[in-house]
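Work through the exercises below with the sequence and the coordinates at hand, and compare each step with its solution.

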Amino acid sequence: MEKETCQKQKVSEGKACEETDIGRIPDMLKETLTSSKNESTVMCQKCPSIILKPGLASTTNIEQFLPFMYQETASTTPDGETVKQFWCVDDIYSFENVGFSSTVGQIKYLTCADCEIGPIGWHDLLTKKSYIAPNRVKL
């Protein structure tokens with residue numbers, strides 16, 4: 001909810017949102033990110049689809065730019081934010097329902113396979129690892 005408010009303010013006031021870090025993540029997610037694995041089922045924010053079952057991803061601190069999930073207008077350079085906390089998934093077959101965007105450089109953005117909302121994370125084509133942003137899914 002806080003992210004959506006920031007996005008609306010950014011669009012209406014022409015300001016940039018703060019970078020996403022553990023300080024902006026709700027308390028329930030903070031507790032989950034302090035453990036080494038995702039402790040609960042990761043689900044889509046918009047629909048009831050399961051993205052990832054418990055214990056299949058490890059927490060990692062890595063910075064990656066992700067376009068906002070909700071864009072005010074279509075453009076060639078989407079607005080977004082730098083996310084610093086992710087769950088890392090070593091094998092794409094660990095996912096329950098995840099879709100992939102077209103290739104952008106050396107990455108593919110991840111979406112919910114059912115409702116296609118996203119990006120909820122990204123897949124590195126070089127390392128073959130996938131990263132889910134905890135602030136873009138629900139538990």
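**Exercise 1.** Determine how many salt bridges the model holds, taking a salt bridge as a side-chain nitrogen of Lys or Arg within 4 Å of a carboxyl oxygen of Asp or Glu, and place each pair in the chain.

*Solution.* Under this criterion the count is two salt bridges. The model is predicted, so local features need pLDDT of at least 70 and side-chain atom pairs count only at pLDDT 80 or more, whereas totals for chains, interfaces and linings use all residues. Residues are numbered from 1 along each chain as its sequence is written, and side-chain values use heavy atoms, with hydrogens and water left out.

Step 1: Arg136 and Glu81 are joined through their side chains at 2.9 Å, N to O. Arg136 sits in the segment after β8 (130–132) and Glu81 in strand β4 (residues 80–89), 55 residues apart, strands being DSSP runs of E with at least two residues, numbered from the N terminus. Both Arg136 and Glu81 are buried, that is, under 20% relative accessible area, where exposed is over 50% and partly exposed in between (1.4 Å probe, protein chains only).

Step 2: Lys129 and Asp90 form a salt bridge at 3.7 Å, N to O. Because Lys129 lies in the loop between β7 (121–124) and β8, and Asp90 in the loop between β4 and β5 (99–104), the pair ties together parts 39 residues apart in sequence. Lys129 is partly exposed, at a relative accessible area of 32%, while Asp90 is exposed, at 56%.

**Exercise 2.** Identify which residues touch the most other members of the largest nonpolar core.

*Solution.* Such a core is a set of buried Ala, Val, Leu, Ile, Met, Phe, Trp, Tyr and Cys residues joined through side-chain atoms within 4.5 Å. Among its 17 residues, the answer is Val42, Ile51, Leu52, Phe95, Ile120 and Ile132.

Terms used
Helices (H or I, at least four residues) and strands (E, at least two) are DSSP runs, numbered from the N terminus.
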